[in-house]
Amino acid sequence: SFPTRLSSDIQALISAGIDKSRVKILGTSRWNDPIAFNDQNLAGAWYPSADPGPIEAFKLRYRQTYGAEPAALAVLGYETVFLAAGLVRTAGPQPFREEILLSRNGFFGKTGLFRFRPDGTSERGLAVFELGGSTPKIVGPAPKQFTQGT
């Protein structure tokens, strides 16, 4: 699995002389995996991820409504429909205009703050978590708004 391979890669770095007390190991949102949480090789490492609270609330409501676990990307589907409905309701007769969709302020959904960029990519405001123990801890909360750069 991904966390197992990652752990052995980090162990190889440590064996090669990387001093974890002097070097901060940084990862990706893929590190948000229970297998990684207790791995001593990854202890102290940081990774970005969405705040799990609203996502877990979505999953709970989904289970209560449909009696099954939501698909991994269901929260993003929900967020998309929620955004589209909100724009239709509030953005006037042409809610999907470029200047609306490319709002520098972005939008806020279950996965947190996000905005679309002119080059077709998206930007997210994520929290920073630290591994070590059965539950990662937030060392940097997700932003509530973007700085006004693009």
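**Close-up views of a predicted model**

**View 1. Arg 124 and Glu 79 form a salt bridge between a strand and a helix.** Arg 124 forms a salt bridge with Glu 79, and their closest N and O atoms are 3.7 Å apart. Because Arg 124 belongs to strand β4 (residues 122-125) and Glu 79 to helix α4 (residues 74-90), the pair ties together parts that are 45 residues apart in sequence. The model shown here and in the views below is a predicted one. Arg 124 is partly exposed, its relative accessible area being 34%. Glu 79, by contrast, counts as buried, at 6% relative accessibility.

**View 2. Lys 24 and Glu 130 are joined by a salt bridge.** The closest N and O atoms of Lys 24 and Glu 130 are 3.6 Å apart in this salt bridge. Lys 24 lies in the loop between α1 (2-15) and α2 (34-37), whereas Glu 130 lies in strand β5 (residues 127-130), so the pair ties together parts that are 106 residues apart in sequence. Lys 24 is partly exposed, with a relative accessible area of 39%. Glu 130 is buried, with a value of 19% for its relative accessible area. A network of salt bridges links Lys 24, Glu 130 and Lys 137. Eight salt bridges are counted in the model.

View 3. Glu 130 is placed in strand β5, and its relative accessible area of 19% makes it buried. The side chains of Glu 130 and Trp 46 are joined by a polar contact of 2.9 Å. When neighbours within four places in sequence are left aside, the residues in contact with Glu 130 are Lys 24, Gly 44, Ala 45, Trp 46, Pro 136, Lys 137 and Val 139.

**View 4. Glu 123 and Arg 117 meet in a salt bridge.** The side chains of Glu 123 and Arg 117 come together with an N to O distance of 3.2 Å. Glu 123 counts as partly exposed, at 23% relative accessibility. Arg 117 is also partly exposed, with a relative accessible area of 26%.

View 5. The buried residues of α4 are Val 75, Glu 79, Leu 83, Gly 86 and Leu 87. These residues cover an arc of only 105 degrees around the axis, which puts them on the same side of α4. The cover over the buried residues of α4 includes α3 (52-66), α5 (98-101), β2 (107-109), β3 (112-116) and β4. On the face turned away from the buried side, α4 carries the exposed residues Thr 80, Val 81, Val 88 and Arg 89. Gly 92 follows α4 and has a positive phi, near 85 degrees.

View 6. β2 and β3 run antiparallel and are joined by three bridges. Within this pairing, Phe 108 has Leu 113 of β3 as its bridge partner. A hairpin is formed by β2 and β3, with two residues between them. β3 and β4 also run antiparallel, and four bridges join them. Phe 116 stands opposite Ser 122 of β4. The hairpin of β3 and β4 has five residues between the strands, and Gly 120 in the turn has a positive phi of about 95 degrees.

**View 7. Asn 41 is a buried residue in a loop.** Asn 41 is found between α2 and β1 (46-49), in the loop that lies there. The relative accessible area of Asn 41 is 19%, and the residue is buried. Not counting residues up to four places away in sequence, Asn 41 touches Ser 7, Ile 10, Gln 11, Ile 14 and Lys 20.

Notes:
Residues numbered from 1 in each chain as written. Predicted model: local features only at pLDDT ≥ 70, side-chain atom pairs only at ≥ 80, totals over all residues. Heavy atoms only, no water. Salt bridge = Lys/Arg side-chain N within 4 Å of Asp/Glu carboxyl O. Buried < 20%, exposed > 50% of the residue type's maximum accessible area, 1.4 Å probe, protein only. Arc of directions from axis to C-beta. Contact = heavy atoms within 4.5 Å. Polar contact = N/O pair within 3.5 Å; in protein donor to acceptor, adjacent residues only side chain to side chain. Pairing = 2+ DSSP bridges.
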